[in-house]
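This report goes through selected parts of one protein chain. Keep the sequence and the 3D view open while reading.

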Amino acid sequence: MSDLTDFKTVGFIGLGAMGKPMLEHLANKLPATSQIWVYDVVKSIVDEVCAAYPDKLHKATSPADVAEHSETILTMVPEGSHVRAVYLDPTTGICSTNITSKLLIDCSTIDTATNLTVKSHIQSSSPSTSFYDAPVSGGVVGAIAGTLAIFLGCADSDPNLPRLTLLLATFSGEIIPCGAPSLGLAAKLSNNYLSGIIAIAASEAFDMGMRAGLDPRVLARVYAAGTAQNAICDRFCPVPGVVEGAPSSGGWKRGFKVELMKKDFGLAVEMAGRVGAGNVLGSVGLETYEGAARDPRCRGLDSRVVYRYLGGREDWESGGEGK
């Protein structure tokens, strides 16, 4: 495949906080000859994006309707139950239609067992159809910027890799083949486990340093220069007002919701148990995100709001005592 003109009919299902900007990048970068069929359970979002691209985007009535019009389909939904419904519902699912020789890409972060169940169903019912797990990392900030990292459940030698890379590059900054089916998801869960642990540790480290009298901006420079350097402190700093553009600096209103971190962290802990990995920090980390997701001060906000949940000072610039 030489260019994007070969993607003549594309489907996109799932227009949440990350799915919508991913679709917008796709719509902006696919050529004018490409047509995209869009579906989400929230009809107003579908209306909004289709109105913005009237010559390229089309409203679909169900995942099956998307599949009937599209040779390539991307899905981006919250949980494994949604993936099952989108693909396997006998009436409205993608697999309820003729999917012969289609390319199906699931960007959702779900459990590996559900992914393999869907793949097995597709392989048995339509052997010519290709299905890949391609979870994304980078949060809402990365989705809006078009810089997401994508972890592909395939090998470097997969014959579809050039096609996948060409299409996924429309809304990503890096695409990493992870070796085999479901390993993209295994990589993503491992990544989010580590990211979640770092966010807790960073929140505690900032808190202890600030209580000792340090300015959090100085602490951020210290971490960046020393062995504690990490992307959470550099780009997603949990302390408000330290990093411009970080979710915390906007009231944690944009970003990766704490409920989603709780979900992914739980899936990672489950995976660790299934493969026999030792997770010393797993139970306390999961307990922390479960608590933050229940806390009315934190619900619905970016997962780095764990800083607030753990009692970190938010009004440090004014010299107040914190919350």
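## The annotated lysine

Lys 188 sits in helix α8, which covers residues 183–211. The model is a predicted one. In UniProt, an unreviewed entry lists Lys 188 under "active site". Such an annotation may be inferred rather than shown by experiment.

Is Lys 188 buried or exposed? Its relative accessible area is 4%, and buried means under 20%, so Lys 188 counts as buried. Setting aside neighbours within four places in sequence, Lys 188 is in contact with Thr 109, Pro 135, Val 136, Ser 137, Phe 151 and Asp 264. With Thr 109 there is also a polar contact between the two side chains, at 2.7 Å.

## Helix α8 against helix α11

The helix that holds Lys 188, α8, packs with helix α11, residues 258–275. The two axes come within 8 Å and cross at roughly 115°. The crossing of α8 and α11 is left-handed.

Which residues make this contact? From α8 come Ala 186, Lys 188, Leu 189, Ser 190, Asn 192, Tyr 193, Ser 195, Gly 196 and Ile 197. From α11 come Met 261, Asp 264, Phe 265, Leu 267, Ala 268, Val 269 and Met 271.

Ser 182 lies in the loop between β9 (172–177) and α8. Its phi is near 75°, a positive value in a residue other than glycine. Ser 182 has a relative accessible area of 8% and is therefore buried.

## The annotated domain

The unreviewed UniProt entry has the annotation "domain: 6-phosphogluconate dehydrogenase NADP-binding" for residues 9–158. Over this stretch the chain is 39% helix and 21% strand. The C-alpha atoms at the ends of residues 9–158 are 22 Å apart.

## Helices α1 and α2

Helix α1 (residues 19–29) packs with helix α2 (residues 43–52) at an angle of about 20°, and their axes are 11 Å apart. Angles under 35 degrees count as roughly parallel, so α1 is roughly parallel to α2. Their crossing is right-handed.

In α1, the residues that meet α2 are Lys 20, Leu 23 and Glu 24. Their partners in α2 are Ile 45, Glu 48 and Val 49.

## Two serines in loops

Where is Ser 126? It lies in the loop between α5 (112–125) and β6 (130–133). Ser 126 has 6% relative accessibility, and so it counts as buried. Not counting residues up to four places away in sequence, Ser 126 touches Ile 99, Thr 100 and Ser 101. Ser 126 and Ile 99 are 27 residues apart in sequence, but their C-alpha atoms are 6.9 Å apart in space.

Ser 101, one of the residues that Ser 126 touches, is found in another loop, the one between α4 (80–88) and β5 (103–106). Ser 101 has a positive phi of about 65°, although it is not a glycine. How accessible is Ser 101, and why is it called partly exposed? Its relative accessible area is 47%.

Technical notes:
Residues numbered from 1 in each chain as written. Predicted model: local features only at pLDDT ≥ 70, side-chain atom pairs only at ≥ 80, totals over all residues. Heavy atoms only, no water. Helix = DSSP H or I, 4+ residues; strand = E, 2+ residues; numbered from the N terminus. Buried < 20%, exposed > 50% of the residue type's maximum accessible area, 1.4 Å probe, protein only. Contact = heavy atoms within 4.5 Å. Polar contact = N/O pair within 3.5 Å; in protein donor to acceptor, adjacent residues only side chain to side chain. Axes fitted to C-alpha atoms, helices over the stretch in contact; angles between N-to-C directions. Parallel < 35°, antiparallel > 145°, perpendicular 65-115°, else oblique. Left-handed = near helix turned anticlockwise from the far one by under 90°.
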